[in-house]
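Subject: A structure for you to look at

Hello,

Here is the structure I promised to pass on. Have a look around it first, and then read on for what I found.

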Amino acid sequence: MGVTAVLMLPLLLLGISGLLFIYQEVSRLWSKSAVQNKVVVITDAISGLGKECARVFHTGGARLVLCGKNWERLEILYDALISVADPSKQTFTPKLVLLDLSDISCVQDVAKEVLDCYGCVDILINNASMKIKGPAHKISLELDKKIMDANYFGPITLTKALLPDMISRRTGQIVLVNNIQGKLGIPFRTAYAASKHAALGFFDCLRAEVEEYDVVVSTVSPTFIRSYHIDPGQGNWEASIWKFFFRKLTYGVHPVDVAEEVMRTVRRKKQEVFMANPIPKAAMYIRTFFPEFFFAVVACGVKEKLNVPEEG
């Protein structure tokens, strides 16, 4: 009996692993079929995440409209997608549109150009973002406004321009790629956090407004999207609590993982996704239920940071 139990355990684990693999493959294929022939608009497609989203949706057979503010880099992305296209699968040649969301005056005209590409938009992925880090009193009001234009006014202007088409067709999905700072402010990122809070508030309200028209509004909020080749180091409990807290809080997720999550969000029509390791998730609850403790940890971190002399 004991020998049989010992033999059954690895077989059981092997069976579970096999089922999980089959589930993942079926889920991946299902995700791709969900966007087949769909018109998908991706803003800031030349960013790390934008490129991965373009790759995932292009492989899935979507009709892509790739937007970015640098034409040369858009063409490089275009060539990369074409070069890896599988001839045995139906794919569409991406269309390129020059768009700088921080320039609000041009967004309306660009929206018309986007609609002219295929006559409609099925899925809009608002991915563009501008970051800034520094003490609030050292960041100019002009820079604050520029951050708000890029992260808030730009995406909502484009959304408002494309939304009437979705409402009239009674179909469509809008995906906002946001950030943990849309829910949780971190010191020295006042302008960035404010813009992300504003964007999240807008799309949360919009979700309820357009539900009756069968238009889905989704938000995907990772912590930070890290570069391709940088992996986070191990935490150190011997350091002060705020250092451990913020080290874990700022660990990002890989662009490939976020792109795959965006695809799953589109397929399952999820309303909200929060991508983070347990520390940021715990911070969210601490901020909600124990604000005094949360603010004390944050303040402690700021004081210690300000007391460290700058190099050079």
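Before the helices, one definition: a helix axis here is a line fitted to C-alpha atoms over the stretch in contact, and the angle between two axes runs from 0 to 180 degrees between their N-to-C directions. Please also keep in mind that this is a predicted model.

Let's start with helix α5 (residues 141-169) and helix α6 (residues 190-210). Their axes lie 8 Å apart, and the two helices pack at an angle of about 15 degrees. Angles under 35 degrees count as roughly parallel, and so α5 is roughly parallel to α6. The crossing of α5 past α6 is right-handed.

Which residues of α5 and α6 meet? On the α5 side they include Ile147, Met148, Tyr152, Ile156 and Leu163, and on the α6 side they include Ala191, Tyr192, Phe202, Phe203 and Leu206. Sorted by class, this contact of α5 with α6 has 14 nonpolar, three polar and three charged residues.

Helix α6 is worth a visit of its own. From its first C-alpha to its last, α6 reaches 30 Å with its 21 residues, close to the 30 Å expected at 1.5 Å a residue. Among the buried residues of α6 are Ala193, Ser195, Lys196, Leu200, Arg207 and Val210. What do the buried residues of α6 pack against? Their partners are β4 (123-126), α5, β5 (172-177) and β6 (215-222).

Next, turn to the other helix pair. Helix α4 (residues 104-118) and α5 cross at roughly 35 degrees, and their axes come within 9 Å. This crossing of α4 and α5 is right-handed too. In α4, the residues that meet α5 include Ile104, Val107, Ala111 and Leu115; in α5, the residues that meet α4 include Phe153, Leu158, Ala161 and Leu162. The contact of α4 with α5 divides into nine nonpolar, three polar and two charged residues.

Finally, find valine 97, which sits in strand β3 (residues 95-98). Is valine 97 buried or exposed? Buried means under 20% relative accessible area, and valine 97 has 0%, so valine 97 is buried. Leaving out residues up to four places away in sequence, valine 97 touches, among others, Leu66, Cys67, Trp71, Leu74 and Val110. Valine 65 is another residue that valine 97 touches. Valine 97 and valine 65 are 32 residues apart in sequence, and 7.0 Å separates them in space, C-alpha to C-alpha.

Enjoy exploring!

Best wishes

Notes
Residues numbered from 1 in each chain as written. Predicted model: local features only at pLDDT ≥ 70, side-chain atom pairs only at ≥ 80, totals over all residues. Heavy atoms only, no water. Helix = DSSP H or I, 4+ residues; strand = E, 2+ residues; numbered from the N terminus. Parallel < 35°, antiparallel > 145°, perpendicular 65-115°, else oblique. Left-handed = near helix turned anticlockwise from the far one by under 90°. Contact = heavy atoms within 4.5 Å. Nonpolar A, V, L, I, M, F, W, Y, C, P; charged D, E, K, R; others polar. Buried < 20%, exposed > 50% of the residue type's maximum accessible area, 1.4 Å probe, protein only. Expected span 1.5 Å × (residues − 1).
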